[in-house]
Amino acid sequence: MTPQTQPAPAPSPTQATAGTRRGRRPSLGAVALYPATFLALLVVAWFAVTTTGLVQPYIIPSPVDTWKAFTDNPEYLWGHTLVTTGETLAGFVIAAVVGVLVAVLMVYSPTLEKTFYPLILFAQVIPKIAIAPLFVVWLGFGASPKVLVAVLMAFFPVVISGISGLRSVDPELLELTSTMGASRIKTFWKVRFPAALPELLSGLKVAATLAVTGAVVGEFVGANSGLGFVILQANGNIDTAMLFAALIIMSALGVLLFAIIQVAETLLIPWHASRRNRG
Amino acid sequence: MFARTADRARDGAGSEPPAEQGPMVDIHGVDVTFRTKDRTVHALSGIDLTIQHGEFLSIAGPSGCGKSTLLRVIAGLTATSAGGVTLRGTPVEGPRRDVGFVFQRAALLDWRNARDNILFQAEMRGLPKAWARRRTDELMEMTGLTGFEKAMPFELSGGMQQRVSLCRALLHEPDVLLMDEPFGALDALTRENMNVELRRIWEDTGMTVVLVTHSVAEAVYLASRSVVMGPRPGRVIEEFDIAIHGHREYEPTLENPEFQRVTARIRELLGSTATAD
């Protein structure tokens with residue numbers, strides 16, 4: 001029956017902040033261990049089927065031949081890798097910027113959303129490989145048709161994740177800011193945009209991997225450089241070792257872009273639940 | 001000591017010292033109807049209510065009686081269909097800057113620590129930074145948040161989050177503090193502690209508070225006057241002056257005959273629709 005007039009004793013700060021995100025985040029080694037082990041087993045299996053003569057080398061080249069494709073043609077591969085990387089990055093950046101702008105416009109204007117959403121959906125469902133030749137007709141054999149295909153591939157996930165991210169903001173927070181007399185622009189930068197970042201970054205990760213595909217699809221249709229061109233040439237020469245080398249570089253390119261955004265995520269949204277629950 | 005210290009330093013928060021004539025809030029003939037697809041909901045009907053400077057008014061009632069709508073009408077977040085509200089003598093015609101609002105959920109910015117969440121209010125209003133920082137430190141001390149300045153919202157308990165939300169609502173020294181079920185999501189013990197603290201803060205500062213709750217005990221313990229509302233259409237059924245003056249310790253107040261008389265009467269009015277706490 002003690003009267004409670006004092007504020008409740010607060011739990012100690014150390015207790016509340018113990019075990020912060022940083023402390024629980026696993027190291028790179030721990031993250032890489034399982035996939036690295038699996039990859040090593042895969043290479044062993046690859047050795048096994050190729051060196052025993054189980055599979056002909058023109059169907060699957062041995063790891064040694066593939067390695068040779070790298071070491072014998074470093075400048076050739078590097079040059080074409082740079083071309084594809086440039087197209088991919090240009091496509092990704094344009095898709096990200098335009099995608100976010102479109103998402104913002106749609107969230108703020110229902111009329112714009114009703115007008116353009118079906119068109120964007122339409123642009124998304126067209127098979128890109130089918131319209132790529134048209135871009136070559138329009139834009140020639142330079143980098144621009146490849147960049148355009150990459151943009152088209154990467155654009156959609158950015159818009160979708162941007163719209164749902166911008167809508168995910170707590171409506172009560174927006175009401176609160178309306179009693180603060182702040183401008184819409186200030187509310188956007190201080191509330192809406194940061195709230196949208198987790199979903200937007202997920203969309204950007206998907207977009208990054210699609211941008212690589214887009215650039216290579218563009219190269220398939222008409223190019224004299226880039227990894228898509230390397231693959232077509234190697235295919236024509238039945239040089240499967242070179243083909244494998246190009247495939248490996250392309251995958252590495254996609255993974256690298258994905259990883260860069262992953263790192264950006266830990267820097268931009270360390271507060272986000274999906275990241276802190278992961279460990 | 002608290003509420004008025006910063007008046008001198010205030011710049012642009014939007015009000016003068018509360019010395020003038022007339023009530024703080026004047027609600028006259030307010031009707032609110034919402035149209036849904038197939039029907040019209042009469043959320044509020046013929047509400048007349050005045051709230052004086054420095055008064056702690058609680059609004060109690062069952063779910064759907066329009067008590068939250070009434071609070072939103074005062075803040076200018078919901079438009080009236082008929083009648084009107086004046087706040088400090090000026091008609092409410094849109095979201096008002098001179099109120100502080102606390103929701104049931106703390107509604108904090110996940111990416112800011114406790115201190116920066118409180119300072120958010122000042123940033124959005126463009127208040128002087130040095131003044132806002134001083135005021136934030138004072139508020140955090142008053143609400144027992146000292147030591148949690150750097151804690152992120154997800155590291156805080158529900159009660160602590162709501163304290164941050166309260167500090168944010170008080171930062172700009174609003175004329176009226178509007179609270180919509182602020183402790184509804186907290187466990188019973190935390191809720192009791194928050195009640196005691198809110199009462200103490202009100203006793204210390206003498207600010208005007210309007211609290212919406214469906215806890216009868218909370219409504220009577222905290223307020224100097226309690227309004228009981230009923231549903232369909234949302235209307236005021238009865239008002240009670242709670243004649244327990246001065247400082248209210250928690251358990252003695254609960255045993256006070258006046259407290260028991262008023263709570264019993266309110267429970268009777270609300271019948272089976274009231275929650276039992």
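The points that follow take up the basis of the model, chain A, a pocket and the strands of chain B.

1. This is a predicted model, in which local features need pLDDT of at least 70 and side-chain atom pairs count only at pLDDT 80 or more, while totals for chains, interfaces and linings use all residues. Residues are numbered from 1 along each chain as its sequence is written, chains are lettered from A and ligands numbered from 1 in the order in which they are written, and side-chain values use heavy atoms, with hydrogens and water left out.

2. Chain A has 13 helices and 0 strands, where helices (H or I, at least four residues) and strands (E, at least two) are DSSP runs numbered from the N terminus. Of the 279 residues in chain A, 38% are buried, that is, under 20% relative accessible area with a 1.4 Å probe and protein chains only.

3. Helix H10 of chain A (residues 184–221) deserves attention: its end C-alpha atoms span only 45 Å, whereas a straight helix of 38 residues would span 56 Å at 1.5 Å a residue, the expected span being 1.5 Å times one less than the number of residues. A kink of about 50° lies in H10(A) at A:Leu197, shortly before the proline A:Pro198; the bend is the angle between axes fitted to the seven residues ending at a residue and the seven starting there.

4. H10(A) also gives the most to the lining of the second largest pocket, with 4 residues. A pocket here is an open set of points on a 1 Å grid over the protein atoms alone, where a 1.4 Å probe fits, with protein on both sides within 12 Å along at least five of seven lines, and lining residues have an atom within 4 Å of a point. The lining comprises 25 residues, and those nearest the pocket's centre are A:Asp170, B:Arg105, B:Ala107, B:Leu108 and B:Asp110.

5. In chain B, strand E7 (residues 176–180) is largely enclosed by the rest of the structure, because 5 of its 5 residues are buried. B:Val176, B:Leu178 and B:Asp180 lie on one side of E7(B), and B:Leu177 and B:Met179 on the other.

6. E7(B) pairs in the parallel sense with strand E6 (residues 99–102) of chain B over 4 bridges, and with strand E8 (residues 208–213) of chain B over 5 bridges, pairing being counted if DSSP finds at least two bridges between two strands. B:Leu178 is the bridge partner of B:Phe101, and B:Val212 that of B:Asp180.

Technical notes:
Buried < 20%, exposed > 50% of the residue type's maximum accessible area, 1.4 Å probe, protein only.
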